[in-house]
Amino acid sequence: MKMILLRKFRFLILMVFLIACSMHIMIDLLPKLERHGNSGCSCSHTPSEEPQSWGKQQQQQQQQGWPNKHTLRILQDFSNEPSSNVSSHSLERSPGTGDKTQQQALRRLEHPGQQQQRGDRKRQFIQDAAMSKNAPVKGSRLSALYDHPLYKRSVPALTDEDTLFNVNTDIRFDPKAAEDQAWNAEGTMDEFSPTGELTADSYPNWLRFHIGINRYELYSRHNPVIDALLKDLVTQRITSVAMKSGGTQLKLIMTFQNYGQALFKPMKQTREQETPPDFFYFSDFERHNAEVAAFHLDRVLDFRRVPPVAGRLVNMTKEIRDVTRDKKLWRTFFISPANNVCFYGECSYYCSTEHALCGKPDQIEGSLAAFLPDLALAKRKTWRNPWRRSYHKRKKAEWEVDPDYCEEVKQTPPYDSGTRLLDIMDMTIFDFLMGNMDRHHYETFEKFGNETFIIHLDNGRGFGKHSHDEVSILVPLTQCCRVRKSTHLRLQLLAKEEYKLSTLMAESLVRDRLSPILIQPHLDAMDRRLRQVLNVLSECVEKEGYSYVVEDDLQGPQGTDHAHSGPRRR
């Protein structure tokens with residue numbers, strides 16, 4: 001009897017296996033059969049459609065069995081990527097793309113003129129008008145600041161070892177290798193070199209931004225590509241959307257028609273809402289406007305270590321739901337009782353119906369941060385911040401209980417030589433000005449070793465409280481008492497009435513499409529915190545002496561500030 005049951009069980013297993021294999025083969029053949037068919041279904045609705053019709057479209061798409069198996073396989077590859085909440089801008093694989101996505105994109109780029117014609121002309125006209133309206137007038141305080149000698153220092157002459165990419169060898173457009181060469185004939189010959197290759201000036205702005213990265217800066221001070229890239233983040237048509245794996249809160253990877261990518265953080269709080277006093281720093285919301293403001297603050301401070309970020313008003317149905325191939329994200333869309341389109345995605349915190357993101361009726365604000373180069377092309381190294389918080393409700397970190405903690409750090413590589421410790425001090429000041437307590441890690445480009453700048457990523461938990469100054473953020477500065485001379489002089493400059501930090505930030509932020517980005521109390525808080533930073537440095541100078549506290553980096557070009565000398569010890 002047992003033998004008969006065993007044979008039946010084996011036979012059942014074999015049949016299930018054969019059925020599964022048959023279905024596997026048939027599903028693989030479906031996309032090929034669909035390509036030969038003449039009929040198709042377009043499930044995206046036009047802007048004039050009402051959100052109420054979305055429920056019928058959802059039922060039709062479910063009946064059609066979307067997405068197909070090929071898409072699901074790509075989604076599995078995407079979701080299994082090793083990820084971390086260390087970096088919000090680390091390039092992940094998005095559905096429909098692989099390791100060679102950007103490299104293939106370089107060969108298939110369309111002429112920018114044709115791309116704009118195919119976009120929404122009416123929206124572009126409105127946005128261009130808004131840009132002209134918000135453009136700073138001549139003689140503005142911001143222009144005067146950038147004309148100041150402190151903002152005109154040049155970087156050393158760049159060698160191949162100092163640039164992230166060598167344009168002639170690392171990155172190249174090859175239109176002849178494109179799968180679809182139809183666009184090639186539509187372009188003008190002015191964009192091509194005598195060898196028939198695209199010139200660097202015709203590269204898309206996201207790629208020109210990547211090419212401009214070097215050992216000393218993420219982008220140069222007056223690089224026109226940055227403003228063009230900010231405009232692209234707002235105007236480029238979104239072609240696909242996927243959830244970013246890892247992280248505590250929902251973030252979306254958006255791909256544009258020019259093959260650029262950006263990280264989208266949706267609006268979760270209004271400008272006026274402050275972080276509740278009972279919230280821990282690690283459970284606070286990530287604010288989209290904080291990402292935008294952090295980019296502008298980093299620029300005003302002349303650090304230039306935050307990738308370009310712009311605010312954008314996104315249509316949740318047309319620009320997210322209808323273009324996503326991420327089934328997990330698509331299934332979380334619903335219509336709220338107020339008849340608004342909502343979704344919540346998947347993440348560690350705040351991804352549920354109770355914390356859904358809802359449009360009005362389907363429009364939602366968000367920040368779009370330009371991606372850094374693909375990790376396959378430019379590896380980055382992740383470092384644990386020495387002054388990382390405990391991320392625990394009761395435990396304290398070592399630096400919170402040991403007043404001499406900085407002396408330990410100074411004896412530990414890479415802080416025992418070079419400029420890394422001074423970079424940490426810059427980052428500390430940057431975080432204190434915006435009230436960001438969530439700086440657990442930072443990143444650098446691996447190619448440049450330890451002699452390079454820190455990338456200021458993931459600033460969404462800044463600008464949460466304007467009524468409170470978290471002085472514990474300044475502990476690295478109070479313990480180490482070190483700062484660059486250029487940073488110190490710029491802080492003193494921004495404390496003067498004619499270069500007041502809050503005024504400069506207000507002028508810079510008005511350029512963004514979601515202006516106003518910060519309410520006035522947050523701008524005033526930056527002035528107040530700036531005075532506190534200068535007071536801490538004054539106390540350090542009084543205690544340790546000016547020559548000990550201030551590292552003179554103004555003797556040579558920017559980036560040559562005693563790069564090989566170790567930090568001073570008491």
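This is a predicted model: local features need pLDDT of at least 70, side-chain atom pairs count only at pLDDT 80 or more; totals for chains, interfaces and linings use all residues.
Q: Is Gln492 buried, partly exposed or exposed?
A: Gln492 is found in helix 18, and its relative accessibility is 35%. Buried means under 20% and exposed means over 50%. At 35%, Gln492 therefore counts as partly exposed.

Q: What distance separates the C-alpha atoms of Gln492 and Leu530?
A: Along the chain, Gln492 and Leu530 are 38 residues apart.

Q: How are helix 18 and helix 20 oriented to each other?
A: Let's start with the angle: the axes of helix 18 (residues 485-494) and helix 20 (residues 520-544) come within 10 Å and cross at roughly 135 degrees. Angles over 145 degrees count as roughly antiparallel, and 65 to 115 as roughly perpendicular. Helix 18 and helix 20 are therefore oblique to each other.

Q: Which residues of helix 20 make the contact with helix 18?
A: From helix 18, the contact is made by His488, Leu491, Gln492 and Leu494. Taken over both helices, the residues of this contact divide into six nonpolar, two polar and no charged. On the helix 20 side, they are Leu530, Val533, Leu534 and Leu537.

Q: Is Ser486 buried or exposed?
A: Ser486 also has its place in helix 18. Leaving out residues up to four places away in sequence, Ser486 touches Arg153, Asp553 and Leu554. Its relative accessibility is 3%, so Ser486 counts as buried.

Conventions
Residues are numbered from 1 along each chain as its sequence is written. Side-chain values use heavy atoms; hydrogens and water are left out. Axes are lines fitted to C-alpha atoms, for helices over the stretch in contact, and angles run from 0 to 180 degrees between N-to-C directions. Helices (H or I, at least four residues) and strands (E, at least two) are DSSP runs, numbered from the N terminus. Angles under 35 degrees count as roughly parallel, over 145 as roughly antiparallel, 65 to 115 as roughly perpendicular and the rest as oblique. Contact means heavy atoms within 4.5 Å. Ala, Val, Leu, Ile, Met, Phe, Trp, Tyr, Cys and Pro count as nonpolar, Asp, Glu, Lys and Arg as charged, and the others, Gly among them, as polar. Buried means under 20% relative accessible area, exposed over 50%, partly exposed in between (1.4 Å probe, protein chains only).
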